[in-house]
Amino acid sequence: MLAVLISYLLGSISTSYWITKLLKGTDIRSQGSGNAGATNMLRVVGKGPAAIVFILDMLKGMAAVGIASLMDVDPAVIMLSGLAAVVGHNWPIFLGFRGGKGIATTIGVMILLTFLAAVIAGVVAILIILLTRYVSLGSLFFAAILPLLIAVLDYPTSFIYISLLVTLLAFLRHASNIKRLINGTENKMSSSK
């Protein structure tokens, strides 16, 4: 429980919020899509800050897994700690539970726990983003195929079930994007800077 709690609090540190506050003195959640994540940073602040946010959010997921591993807990608890970091990113206690969508943090978790599955899902996601210029579509594909890859590549069964929760969270957080994709009104990847 301690590992899960620490991971949630770590995930709750919103890098996009604090970097935007530092650079522009504003709340990233009041601009662009209103999302506290790397894609909105790209649109509102620029490529450099967006890349920094993506890396830092990914490192949050890695740190959660690392801390849980150091506490020598069961592999399922380590995976749950990663999930807790994603939940913290999405619903941060420090920012009134209004955060991001958790994809970069999910990538960080999965790179350490299910490296090959994460790499394959990541390559598919990047190809989809490059072909369509829809970051949300690539993110959804990443989340959707991850549990399948984890199952096929014979990772622990607990990882499959917990990754299904990660997928569910991703789809819940992208509900508005899914509607816009269906309606053909989703924003394509672009940078104002």
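## Exercises on a predicted helical model

The largest share of the nonpolar surface patch, 9 residues, comes from helix 7. The exercises below concern a predicted model, and each is followed by a worked solution.

**Exercise 1. Which residues form the nonpolar patch on the surface, and how much accessible area do they have together?**

Solution. Begin with the members of the patch, which are Phe115, Leu116, Val119, Ile120, Val123, Ile126, Leu127, Leu130, Leu131, Val152 and Leu153. Together these residues have about 1,100 Å² of accessible area. Next, take one member as a check: Leu116 is found in helix 7, and because its relative accessibility is 43%, Leu116 counts as partly exposed. In general, nonpolar side chains in soluble globular proteins tend to be buried together.

**Exercise 2. Which residues of the largest nonpolar core touch the most other members, and which helix gives the most to this core?**

Solution. The largest nonpolar core holds 28 residues, and those that touch the most other members are Met79, Met110, Leu113, Phe142, Leu146 and Ile150. At least two residues of this core are supplied by each of helix 4, helix 5, helix 6, helix 7, helix 8 and helix 9. Helix 9 gives the most, with 6 residues. A second, separate core has 12 residues, including Leu42, Val45, Val53 and Leu95.

**Exercise 3. Why do the buried residues of helix 1 lie on the same side of the helix?**

Solution. First identify the buried residues of helix 1 (residues 2–11), namely Ala3, Ser7, Tyr8 and Gly11. These residues cover an arc of only 135 degrees around the axis, and therefore they lie on the same side of helix 1. Finally, ask what the buried residues of helix 1 pack against, and the model gives helix 4 and helix 5 (75–90).

**Exercise 4. Is Pro49 buried or exposed, and which residues is it in contact with beyond its neighbours within four places in sequence?**

Solution. Pro49 is found in helix 4 (residues 47–70). Since buried means under 20% relative accessible area, the 19% relative accessibility of Pro49 makes it count as buried. Leaving aside neighbours within four places in sequence, Pro49 is in contact with Ile19, Leu23 and Met41.

**Exercise 5. How many salt bridges are counted, and are Asp57 and Lys60 buried or exposed?**

Solution. The count comes to 3 salt bridges. In one of them Asp57 pairs with Lys60, the closest N and O atoms being 3.5 Å apart. Because they are 3 residues apart in helix 4, Asp57 and Lys60 are separated by about one helical turn. Asp57 is buried, with a relative accessible area of 2%, and Lys60 counts as buried at 6% relative accessibility. Asp27 forms a salt bridge with Arg29, with the closest N and O atoms 2.9 Å apart, and both Asp27 and Arg29 are buried. The side chains of Glu186 and Arg180 also meet in a salt bridge (2.8 Å, N to O); Glu186 is buried, with a relative accessible area of 9%, whereas Arg180 counts as partly exposed at 27% relative accessibility.

Conventions:
Residues numbered from 1 in each chain as written. Predicted model: local features only at pLDDT ≥ 70, side-chain atom pairs only at ≥ 80, totals over all residues. Heavy atoms only, no water. Helix = DSSP H or I, 4+ residues; strand = E, 2+ residues; numbered from the N terminus. Buried < 20%, exposed > 50% of the residue type's maximum accessible area, 1.4 Å probe, protein only. Contact = heavy atoms within 4.5 Å. Arc of directions from axis to C-beta. Core = buried A, V, L, I, M, F, W, Y, C linked by side-chain atoms within 4.5 Å. Patch = residues over 30% accessible without salt bridge, like charges linked within 9 Å, V, L, I, M, F, W, Y side chains within 5 Å. Areas by Shrake-Rupley, 256 points an atom, 1.4 Å probe, with all protein chains shown as cover. Salt bridge = Lys/Arg side-chain N within 4 Å of Asp/Glu carboxyl O.
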